[in-house]
Amino acid sequence: MIAHMKLVLAGVPLGNPGDASARLISAIKSASIIAAEDSRRFQRLCQDLNVATEAKVLSFFEGNEDERTEQLLRELQNGAEVLVVTDAGMPTVSDPGFKLVRAAVEEQIEIEVLPGPSAVTSALLISGLPTDRFCFDGFPPRTSTARLKWFNQLVEEERTIIFFEAPHRLSDSLKDAVNV
């Protein structure tokens, strides 16, 4: 079903499918195109939610974001409703989607955000650290030298700092943080 030209960014559960909103389920059913960070994980989410979609599902990840952004922008300009979902949490927050949103803003395409789970705020809430002022700094650099420099730039920060790290780099990143 083709709706009017609209880009929809939807928060998806961080792990428990029961956290999916009714609006997310409705968006999955109504979108004409779904841009999913990992189409297999998205299909699994649909199974867990017992929801079917007739939308065209396209993979949309860091490695193909430039090419897919152009393709999705053309689809939007042709009247498609495009739903963007990531593996977990909110699109564009250390996940694909920012370039597509920027292009849609430039083309004056309607954008809707379906609020949902956020790894950033979940980490903040569970940390026990002050929540009145915080910052999110994405992922630290991959190499130790660059990470040490990155942590040194944050050493005077008084706000709670939230960042993501890949499981296989977590130990090295924590060691570098302790060293700084």
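Guide: Buried means under 20% relative accessible area, exposed over 50%, and partly exposed lies in between (1.4 Å probe, protein chains only). This is a predicted model, where local features need pLDDT of at least 70 and side-chain atom pairs pLDDT 80 or more, while totals for chains, interfaces and linings use all residues. Residues are numbered from 1 along each chain as its sequence is written, and side-chain values use heavy atoms, without hydrogens and water.

Visitor: Okay, glutamine 108: buried or exposed?
Guide: Glutamine 108 is exposed, because its relative accessible area is 74%.

Visitor: Where does glutamine 108 sit?
Guide: In the loop between α4 and β5. Helices (H or I, at least four residues) and strands (E, at least two) are DSSP runs, numbered from the N terminus. The phi of glutamine 108 is near 55°, which is positive although the residue is not glycine.

Visitor: And serine 94, what is its phi?
Guide: Near 55°, again a positive value in a residue other than glycine. Serine 94 belongs to the loop between β4 and α4, the latter being residues 98-106.

Visitor: Why is serine 94 called partly exposed?
Guide: Because its relative accessible area is 29%.

Visitor: Switching to helices. Which residues of α1 are buried?
Guide: Leu24, Ala27 and Ile28, in a helix that runs over residues 22-30. Seen down the axis of α1, the buried residues fall within an arc of 100°, so they line one face. The arc is taken from the directions between the helix axis and the C-beta atoms.

Visitor: Why would residues a few places apart point the same way?
Guide: An α-helix has 3.6 residues a turn, so residues three or four places apart point the same way.

Visitor: What is exposed on the other side of α1?
Guide: Ala22 and Lys29 are exposed there.

Visitor: What covers the buried residues of α1?
Guide: The cover includes the strands β1 (6-10), β2 (33-36), β4 (81-85) and β5 (110-114), along with helix α2 (39-49).

Visitor: How many residues are in the largest nonpolar core?
Guide: It has 19 residues, and Leu24, Ile28, Ile34, Phe42, Leu83 and Val85 have the most contacts inside it. The elements giving two or more residues to this core are β1, α1, β2, α2 and β4. Helix α2 gives the most, with four residues. A nonpolar core is a set of buried Ala, Val, Leu, Ile, Met, Phe, Trp, Tyr and Cys residues joined through side-chain atoms within 4.5 Å.

Visitor: What does phenylalanine 42 touch?
Guide: Leaving out residues up to four places away in sequence, phenylalanine 42 touches Ile28, Ile34, Ala36, Thr53, Val57 and Val85. Contact means heavy atoms within 4.5 Å. There is also a second, separate core of 17 residues, with Ile33, Ala35, Leu100 and Ala103 among them.

Visitor: What is threonine 69 in contact with?
Guide: Phe60, Lys99, Leu100 and Ala103, leaving aside neighbours within four places in sequence. Threonine 69 is found in helix α3, residues 65-77, and is buried, with a relative accessible area of 8%.

Visitor: One more helix, α6. Which residues are buried?
Guide: Arg147, Trp150, Phe151 and Leu154 are buried in α6, which covers residues 144-154. They span an arc of only 95° around the axis, so they sit on the same side of α6.

Visitor: What do the buried residues of α6 pack against?
Guide: Strand β7 (160-162) and helix α7 (170-179). The face of α6 turned away from the buried side carries Thr145, Lys149 and Gln153, which are exposed.
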